[in-house]
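Please keep the sequence and the structure in view while reading.

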Amino acid sequence: MFKQKSALVILILLALFGISVVSIKALSLQIQPTPRGPVNQERAIQIALGAAQAWNEPNAQLLTGRKLSRGESLDQLKAQGEEVFIAGTGEMWIVTLRGNFTPNRVRLGAVVHCTEMSVAVAVENGDVLSITCR
């Protein structure tokens, strides 16, 4: 009788161990690292749409997605009357989206809404360099 109970307990423990291994493996398949390296236009748009979702807009519409040097980007911002400093060198994607955005980094108590956002994404690695809201 004792051997049967011990065998049953061992079988149950092995089954639980097997289930936990399958669960851990399934979770590891769901979590994929963010690819690093040069970013194409499609990936830059995906990154910008992710930023839109973070700003509470799940249905943002793509207006433009263009590649510029940092110098060209700064020149355009200056022409619009804005002064911005962007570190580094190289090219970036400027992805402009339309929707109803609520920025997630504002002064405590402030509520900001905008209908257009531009996301600057570094071509070399996909880092988000800046997000502007209009």
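Of the 134 residues in the protein, 27% are buried, where buried means under 20% relative accessible area, exposed over 50% and partly exposed in between (1.4 Å probe, protein chains only). The model is predicted, and local features need pLDDT of at least 70, side-chain atom pairs count only at pLDDT 80 or more, and totals for chains, interfaces and linings use all residues. Residues are numbered from 1 along each chain as its sequence is written, and side-chain values use heavy atoms, with hydrogens and water left out.

The protein contains three helices and four strands, which follow one another from the N terminus as α-α-β-α-β-β-β. These elements are DSSP runs numbered from the N terminus (helices H or I, at least four residues; strands E, at least two). Contact means heavy atoms within 4.5 Å; among contacts between residues at least 6 apart in sequence, 58% join residues at least 24 apart.

The four strands form an open sheet with antiparallel pairing in the order β1-β2-β3-β4, two strands being paired if DSSP finds at least two bridges between them. At the edges are β1 (61-69) and β4 (128-133), each of which pairs on one side only. From one strand to the next, the twist averages 20°; axes are lines fitted to C-alpha atoms, for helices over the stretch in contact, and angles run from 0 to 180 degrees between N-to-C directions. Strand β2 (residues 91-101) is joined to strand β3 (residues 114-122) by eight bridges in the antiparallel sense, and phenylalanine 101 has cysteine 114 as its bridge partner in β3.

Two helices meet this sheet. Helix α2 (residues 41-54) lies across β1, β2, β3 and β4 and runs at about 40° to β2. Helix α3 (residues 70-79) also packs on the sheet, touching β1, β2, β3 and β4, with its direction at about 120° to that of β1.

Cysteine 114 is also part of a disulfide with cysteine 133 (S to S 1.7 Å), a disulfide being a pair of cysteine sulfur atoms within 2.5 Å. The search of the whole structure finds one disulfide. It links cysteine 114 in strand β3 to cysteine 133 in strand β4, 19 residues apart. Because the torsion about the S-S bond is about -120°, this disulfide is left-handed. Cysteine 114 is buried, with a relative accessible area of 6%, whereas cysteine 133, at 28% relative accessibility, counts as partly exposed.
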